[in-house]
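Trainee: Please pick one part of this model and take a close look at it. Walk me through its surroundings in one connected account.

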Amino acid sequence: MTPNHAPQRTRPSSTLRSRSATEDGRSGCNRGVQRVGSLSLGSLGHMRYILSLFLLVLLTGCDPGYGIYRHAHVPFMPAPAFVGTVVRETPGVDDVRYSYAEGGRPLTWTGIKPPDQVHTFSYHGGSDVRGSLMYVVDYTGSVEYSQSLIMLGRRPPQTWIDATHTVMLE
């Protein structure tokens, strides 16, 4: 053996000293990678990639909503016919459409509960009034009231907001 190819002693891998491939006898695939204990600092770039991918998946499908929204907890659900009549008689409203749907079935420690009852009143009037009034009754009897004019991905025209906000306050 020539002096240039004689085996050399290396320091333990827990040191922060970076060695080239010729110093430690390994190929160039780990060249420039420092080791701290058993953690390869080169894997931090891989973790950043995984974190970026996770955030991309998490944020995908989040459409911004624009408009106006009101909500409150109310003590009871009024009769749907009564709500429809009151909304229809509100100045500025020409048409009201009622729909009923069942929401999700909550899973609790005591089992699967009955589905939420969702009562929706969509209304419009003239060329500028557009809104939706909703009552959601859950399995405990708790009632959530909401009223909104929401558009996804773009803002509603200001004339719609102004006209619908006036109706919401009636």
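Mentor: Buried residues account for 24% of the 170 residues in the protein. Buried means under 20% relative accessible area, exposed means over 50%, and partly exposed lies in between (1.4 Å probe, protein chains only). This is a predicted model, where local features need pLDDT of at least 70 and side-chain atom pairs count only at pLDDT 80 or more, while totals for chains, interfaces and linings use all residues. Residues are numbered from 1 along each chain as its sequence is written, and side-chain values use heavy atoms, with hydrogens and water left out.

The overall layout comes next. The protein has 4 helices and 9 strands. Helices (H or I, at least four residues) and strands (E, at least two) are DSSP runs, numbered from the N terminus. Read from the N terminus, the elements run α-β-β-α-β-α-β-β-β-β-β-β-α. Contact means heavy atoms within 4.5 Å. Take the contacts between residues at least 6 apart in sequence: 47% of them join residues at least 24 apart.

I pick β9. This strand covers residues 143-152. Is it covered or open? β9 is mostly covered, with 7 of its 10 residues buried.

Now its sheet. 5 strands form an open sheet, ordered β3-β9-β8-β7-β4, with antiparallel pairing. Two strands pair if DSSP finds at least two bridges between them. β3 (65-74) and β4 (95-102) are the edge strands, and each pairs on one side only. From one strand to the next, the twist averages 15°. For such angles, axes are lines fitted to C-alpha atoms, for helices over the stretch in contact, and values run from 0 to 180 degrees between N-to-C directions.

Start with the β3 side. β3 and β9 run antiparallel, joined by 10 bridges. H73 has E144 in β9 as its bridge partner. Y66 stands opposite M151 in β9.

Then the β8 side. β8 and β9 pair in the antiparallel sense over 6 bridges. Y135 stands opposite Y145 in β9. The hairpin of β8 and β9 has 5 residues between the strands, and G141 there takes a positive phi near 95°.

Zoom in on one residue of the strand. S148 sits in β9. Its relative accessible area is 17%, so S148 counts as buried. Leaving out residues up to four places away in sequence, S148 touches I68, Y69, G131, S132 and M168.

T159 belongs to helix α4. T159 is partly exposed because its relative accessible area is 46%. T159 and V129 are 30 residues apart in sequence, yet 8.5 Å apart in space, C-alpha to C-alpha. α3 lies across β4, β7 and β8, and runs at about 20° to β7.

Now the empty space. Rolling a probe the size of a water molecule over the atoms shows where empty space is left. The method uses a 1 Å grid over the protein atoms alone: a cavity is a set of points where a 1.4 Å probe fits but cannot get out, and a pocket is an open set with protein on both sides within 12 Å along at least five of seven lines. Lining residues have an atom within 4 Å of a point. Grid points are joined across faces, edges and corners, and a volume is the space filled by probe spheres set on the points.

The largest pocket holds about 240 Å³ of space. It is lined by 16 residues, and V86, V87, L133, Y145 and E170 are the closest to its centre. α3 (80-88), β8, β9 and α4 (158-169) each give two or more residues to that lining. α3 gives the largest share, 4 residues. By class, the lining has 12 nonpolar, 2 polar and 2 charged residues. Ala, Val, Leu, Ile, Met, Phe, Trp, Tyr, Cys and Pro count as nonpolar, Asp, Glu, Lys and Arg as charged, and the others, Gly among them, as polar.

One loop for contrast. G126 is in the loop between β7 (117-125) and β8 (129-137). G126 counts as exposed because its relative accessibility is 58%. Residues up to four places away in sequence aside, G126 touches G92 and D94.
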